[in-house]
Amino acid sequence: MSVREVVILGTASQVPTRHRNHNGYLLRWDGQGILFDPGEGTQRQMLRAKVAAHDLNRICVTHFHGDHSLGLAGVIQRINLDRVPHEITAHYPKSGQRFFERLRYATAYRETVALAEAPVSADGPLAVTPAYTLEARRLSHPVESFGYRLVEPDGRRMLPERLAALGIKGPDVGRIQREGSLGGVPLDEVSEVRRGQRFAFVMDTRLCEGVHALADGCDLLVIESTFLDEDARLATEYGHLTAGQAGRVAAEAGVRHLVLTHFSQRYEPGDTAGPEPGGAFERQARAAGFEGELTVAHDLMRVPVPKRR
């Protein structure tokens, strides 16, 4: 059975806390697994979430700040320890090549797995597969950062009433799908376009063109909301978004399910100096106009990609 979901391994910004691990997000897309921004402790979080190294096909790093990349060393070594039988591809900003190499070879270990390096240097497609196209967009942060977007190709949805009216049934339904026509009846006459699903991952950035391009029309958007709106000045200074900004982006982009994550430690649960997390972030995203499904992330939760329209 195919599964499309995001497994959230960590939600902390800058430093881990008692309640939040450093970043880490696994997108399960049918039989593929894409690990985004493995921060410190990701290998242990994978164990807790019952995610194996064998589940990974790609690793995507948005930028080389430690909370988004320090876990690379452990994850890569675990991939090799477990002798993952398939190639894994790593995407990361090309300007951070030296950081990737240092993390990949941080300590001695035996390399047993093909790890392909595919650094990102510009906006555009990174990989085209039958199941999806993976794209990158430049973001606005003190160090070079890219967001990622996965787009499934459009398909066709068969229309039973049209098939029945034209007497097409049984094996002929599969035949017209494969061949594009049957007995002079074109596929377009008995089907309609089924829009492919779209997912985007947006971390550490100010508002910029790349944020809007990544979010456009997404079924599921995972986006940082490091600060609450009252700390907007800090967000701009350090290259981050607020909950209200993330909500406004999602509303304008027509996002179906919004996932807020990457929270500053100042909003630690139980800290009487900060608001109750979740409630304040959700309220501000809603106040900004977002009316779709909304999740304030916490570690080890699973968020399914919405069902097709």
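This is a predicted model: local features need pLDDT of at least 70, side-chain atom pairs count only at pLDDT 80 or more; totals for chains, interfaces and linings use all residues.

Colleague: What is the phi of Asp37?

Modeller: Most residues other than glycine have a negative phi. Asp37 is not a glycine, yet its phi is positive, at about 50°.

Colleague: Where is Asp204, and is it buried or exposed?

Modeller: Asp204 also has a positive phi although it is not a glycine, with a value of about 25°. Its place is in the loop between β14 (198–202) and α7 (209–215). With a relative accessibility of 2%, Asp204 counts as buried.

Colleague: Let's step back to the whole chain. How many helices and strands are there, and how compact is the protein chain?

Modeller: The protein chain has ten helices and 18 strands. For 309 residues the globule rule gives 19 Å, and the radius of gyration is close to that, so the chain is as compact as a globular protein of that length, at 21 Å.

Colleague: What percentage of the residues of the protein chain count as buried?

Modeller: As for the overall extent, the C-alpha atoms fill a box of roughly 70 × 50 × 35 Å along the principal axes. The protein chain exposes about 13800 Å², and carbon and sulfur atoms supply 50% of that area. Of the 309 residues, the share that counts as buried is 54%.

Colleague: Which residues lie nearest the centre of the largest pocket?

Modeller: The largest pocket has a volume of about 300 Å³. By class, its lining has three nonpolar, nine polar and three charged residues. Of the 15 residues in that lining, those nearest the centre are Ser13, Gln14, Phe227, Tyr238 and His240.

Colleague: And which residues are closest to the centre of the second largest pocket?

Modeller: The volume of the second largest pocket is about 190 Å³. Eleven residues line the second largest pocket, and they divide into five nonpolar, two polar and four charged. The closest to its centre are Ser2, Val3, Arg4, Val305 and Pro306.

Terms used:
Residues are numbered from 1 along each chain as its sequence is written. Side-chain values use heavy atoms; hydrogens and water are left out. On a 1 Å grid over the protein atoms alone, a cavity is a set of points where a 1.4 Å probe fits but cannot get out, and a pocket is an open set with protein on both sides within 12 Å along at least five of seven lines; lining residues have an atom within 4 Å of a point. Grid points are joined across faces, edges and corners, and a volume is the space filled by probe spheres set on the points. Ala, Val, Leu, Ile, Met, Phe, Trp, Tyr, Cys and Pro count as nonpolar, Asp, Glu, Lys and Arg as charged, and the others, Gly among them, as polar. Helices (H or I, at least four residues) and strands (E, at least two) are DSSP runs, numbered from the N terminus. The radius of gyration is taken over C-alpha atoms; the globule rule is 2.2 Å times the number of residues to the power 0.38. Buried means under 20% relative accessible area, exposed over 50%, partly exposed in between (1.4 Å probe, protein chains only). Accessible areas come from the Shrake-Rupley method with a 1.4 Å probe; for residues, only the protein chains shown count as cover.
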